[in-house]
Amino acid sequence: MSHKTALKNAPPYITKDGSEIRELLHPALHPVRHQSLAEAVVPPGVATVLHRHLATEEIYHVTSGNGTMTLGAEQFGIEVGDSIVIPPGTPHRVENLGHDSLHILCCCAPAYSHDDTELLE
């Protein structure tokens, strides 16, 4: 197992919420034990499916683009440099309102799992 990942070498896949993910660090692939780090990409004009994670706490950090975050009953704009905490069990989604792809670093603890993702739509 490698201690290093290059974004360009991380193969993309589509998560249950519809976003394209590249796992940068994950216990299934790396010697990290309690969390995962991934980059999510949401194309212009696209929204992820409203969903929640029952066990996982997430932190999003926007690195490129802008959009709208739905977090529970709140809705607010997000842009480069913003960080958002998503407590376990909180419904959430992002929508890309810009002309360029929205890139978000996603840290999950415990590590991301399809089994912990509940679609709400």
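What is the volume of the largest cavity?

1. The note concerns a predicted model. The largest cavity in this model has a volume of about 210 Å³. When the whole structure is searched, one cavity of 30 Å³ or more is found.

2. The lining of the largest cavity deserves a description. It is formed by 23 residues, and those closest to the cavity centre are Asp17, Ser19, Ile21, Tyr60 and Cys106. Two or more lining residues come from each of the strands β2 (20–25), β3 (36–42), β4 (51–53), β5 (57–64), β9 (92–96) and β10 (102–109). Strand β3 supplies the largest share, four residues. Sorted by class, the lining of the largest cavity contains eleven nonpolar, eight polar and four charged residues.

3. In general, most peptide bonds are trans. The bond that joins Ala109 and Pro110, however, is cis, with an omega of about -5°. Pro110 is located in the loop between β10 and β11 (117–119).

4. The cysteines call for a careful reading. A disulfide is a covalent bond between the sulfur atoms of two cysteines. The structure holds zero disulfides.

5. Arg22 is found in strand β2. Is this residue buried or partly exposed? Arg22 counts as partly exposed because its relative accessibility is 21%, and the limit for a buried residue is under 20%. Leaving out residues up to four places away in sequence, Arg22 touches Leu7, Ala10, Pro11, Pro12, Leu37, Ala38 and Glu39. Arg22 and Glu57 are 35 residues apart in sequence, and their C-alpha atoms are 18 Å apart in space.

6. His26 occupies the loop between β2 and β3. With a relative accessible area of 14%, His26 is buried, because buried means under 20%. Which residues does His26 touch, not counting residues up to four places away in sequence? They are Val32, Ser36, Ala111 and Tyr112.

7. Ser83 belongs to strand β8 (residues 83–86). Apart from neighbours within four places in sequence, Ser83 is in contact with Tyr60 and His61. With His61 there is also a polar contact, made between the side chain of Ser83 and the side chain of His61 at 2.7 Å. Ser83 and Thr63 are 20 residues apart along the chain, and their C-alpha atoms are separated by 9.5 Å.

Technical notes. Residues numbered from 1 in each chain as written. Predicted model: local features only at pLDDT ≥ 70, side-chain atom pairs only at ≥ 80, totals over all residues. Heavy atoms only, no water. 1 Å grid on protein atoms, 1.4 Å probe; cavity = no way out; pocket = protein on both sides within 12 Å on 5 of 7 lines; lining within 4 Å. Points joined across faces, edges and corners; volume = space filled by probe spheres on them. Nonpolar A, V, L, I, M, F, W, Y, C, P; charged D, E, K, R; others polar. Buried < 20%, exposed > 50% of the residue type's maximum accessible area, 1.4 Å probe, protein only. Contact = heavy atoms within 4.5 Å. Disulfide = S-S within 2.5 Å. Polar contact = N/O pair within 3.5 Å; in protein donor to acceptor, adjacent residues only side chain to side chain.
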